[in-house]
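Here's a walk through the fold, from the helices to the sheets. Keep the viewer open as you read.

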Amino acid sequence: MAGRWKRETVPEPAPSPRKPLGIGERLRAAREARGLSLAAASAQTRIRAGYLQALEEEQFDRLPGRAYARGYLRAYARALGLDPDDLLAETAQVLGGPAPPLIGPVQAEVPIRPATRPSRLRRILLTASVIVLTVVGVLAYIGYQQLRQFQTPVPAAVGEPPRPAPEPAPRPPAPAPAAPEPAPVIRPPSSGVEVTVQAVGLSWLRVLADGREVFTGFLRAGDRRTWTGERSLTVRVGNAPAVTVLVDGRPVRPPSGRRVWEQTFTAEGR
C-alpha cells in the first residue's frame, strides 16, 4: 500500500574473539624444545599443570587472579629460558599492571620461583646431623637411667642378718699339717672377703663394704678395681656382660640374660 513502509532491523555484528597475543605459542614451543611435558614443567616450577596449560592457551580467566597470573607467567618464562619482562609487556593489555587497592598499600606481585633441589653435600650434612643428634639422645637417656639406678636403695639379701651384723664367733685353729704345703690362692676366712672387678666395657658399679658404700661410679674398658670387707661385700653392676668379677681370686659369673646384677659375698660363704 502507498504510504506504508517496512522498517528493517540490521543485526549487530557478533563480537569477534580476542586475537591471540602469541605468548602461549612461544611458551609451548620453548617447553617442547626442552623436551618437557606439562607434568614435568609443573614439577619443576611447582605450578599446577592446568595453570601452565592456561598460560599456553592464553586463557587467563582460568587463573586465580591477575597478580597470580603475572607471577605464574614470570616463573614459567624463567624456567623455560625466556625473557619474562618481554612476555609481561605483551600481556599488559590483558593483565595490566598491579591493580591499585582501595585501602592500603599497592598490591605487589607474587614472586614464584622454581624450587631448587638442595645439593648432595647439604643433604649428607643434614643426614649426619640427624644421626649425631639421635646417638647423643640415646646416650643421654642411658646415662639418665643408670644414674637413677644409683639412687635405688639396695635390698637386703635373703638370709642376710640385719646391719650392723654381730661379730662372727672365732673358729678353732686348724691343726698343723704333717708336711709343709704351698700357700693356697684363697686367703683364710679370718682375713675377710675381697672382690675384684675387671671391666671390658662401659658399666656402672656400686659397692657396699660391711654395709657402707665405698664406691659408686663408672668403670671403662681396661679399668680394674679391688675392694675388701671384713664381713661382707655387696656388688651391684649395671652392665653385667661388660665386667668380670673375682671373689677372693675365683671368678663369679652372673646369671645369663641379666644386665643388672647384684650379689652379696660374705667371709663365711666363700
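A quick definition before we start: a residue counts as exposed when its relative accessible area is over 50%, and as buried when that area is under 20%. Ser256 has a relative accessible area of 73%, so Ser256 is exposed. Bear in mind that this is a predicted model.

**Around Ser256**

You'll find Ser256 in the loop between β7 and β8. Pro241 sits 15 residues away from Ser256 in sequence, and the C-alpha to C-alpha distance between the two is 8.8 Å.

**The helical part and its core**

The largest nonpolar core has 22 residues, and the ones touching the most other members are Leu27, Leu55, Leu63, Leu73 and Tyr76. At least two core residues come from each of α1 (23–33), α3 (49–56), α4 (66–79) and α5 (84–90). The top contributor is α4, which gives six residues.

Leu63 is a handy one to click on. Ignoring neighbours within four places in sequence, Leu63 is in contact with Tyr51, Ala54, Leu55, Ala69 and Tyr72.

Which residues of α3 are buried? They are Tyr51, Leu52, Ala54, Leu55 and Glu56. The cover over these buried residues includes α1, α2 (38–45) and α4. Just past the end of α3, Glu58 has a positive phi of about 55°.

**How the helices pack**

Packed helix pairs are described by two numbers, the angle between the axes and the distance between them.

| Helix pair | Angle between axes | Axis distance |
|---|---|---|
| α2 and α3 | about 110° | 9 Å |
| α3 and α4 | roughly 85° | within 11 Å |

What does an angle of about 110° make of α2 and α3? Angles of 65 to 115 degrees count as roughly perpendicular, so α2 is roughly perpendicular to α3. The crossing of α2 and α3 is right-handed. On the α2 side, the contact is made by Leu38, Ala41, Ser42 and Thr45, and on the α3 side by Ala49, Leu52, Gln53 and Glu56.

The α3 and α4 axes cross at roughly 85°, which makes α3 roughly perpendicular to α4. Here α3 uses Tyr51, Leu52, Leu55 and Glu56, and α4 uses Ala69, Tyr72, Leu73 and Tyr76.

Is strand β1 (residues 193–199) largely enclosed or largely open? Six of its seven residues are buried, so β1 is largely enclosed by the rest of the structure. Strand β1 runs antiparallel to strand β4 (residues 224–229), and six bridges join the two. In that pair, Gln198 stands opposite Arg224 of β4. Another five bridges link β1 to strand β6 (residues 243–247), also antiparallel, and there Val195 stands opposite Val247 of β6.

Going on from β6, three bridges join it to β7, and the two run antiparallel. If you want a residue pair to find there, the bridge partner of Leu246 is Pro251 in β7.

**The other sheet**

Four strands also form an open, antiparallel sheet in the order β3-β2-β5-β8. The edges are β3 (212–219) and β8 (261–266), each pairing on one side only. Neighbouring strands of this sheet are turned by 15° against each other on average, direction ignored.

In this sheet, five bridges connect strand β2 (residues 203–209) with strand β5 (residues 232–237), and the two run antiparallel.

One last thing to colour in. Return to Leu63, which has Tyr72 among its contacts, and to the core of 22 residues, where Leu63 is among those touching the most other members. Apart from that core lies another, of 19 residues, including Leu219, Val237, Val247 and Phe265.

Technical notes:
Residues are numbered from 1 along each chain as its sequence is written. This is a predicted model: local features need pLDDT of at least 70, side-chain atom pairs count only at pLDDT 80 or more; totals for chains, interfaces and linings use all residues. Side-chain values use heavy atoms; hydrogens and water are left out. A nonpolar core is a set of buried Ala, Val, Leu, Ile, Met, Phe, Trp, Tyr and Cys residues joined through side-chain atoms within 4.5 Å. Buried means under 20% relative accessible area, exposed over 50%, partly exposed in between (1.4 Å probe, protein chains only). Contact means heavy atoms within 4.5 Å. Two strands pair if DSSP finds at least two bridges between them. Axes are lines fitted to C-alpha atoms, for helices over the stretch in contact, and angles run from 0 to 180 degrees between N-to-C directions. Angles under 35 degrees count as roughly parallel, over 145 as roughly antiparallel, 65 to 115 as roughly perpendicular and the rest as oblique. A crossing is left-handed if the near helix is turned anticlockwise from the far one by less than a right angle, and right-handed if clockwise.
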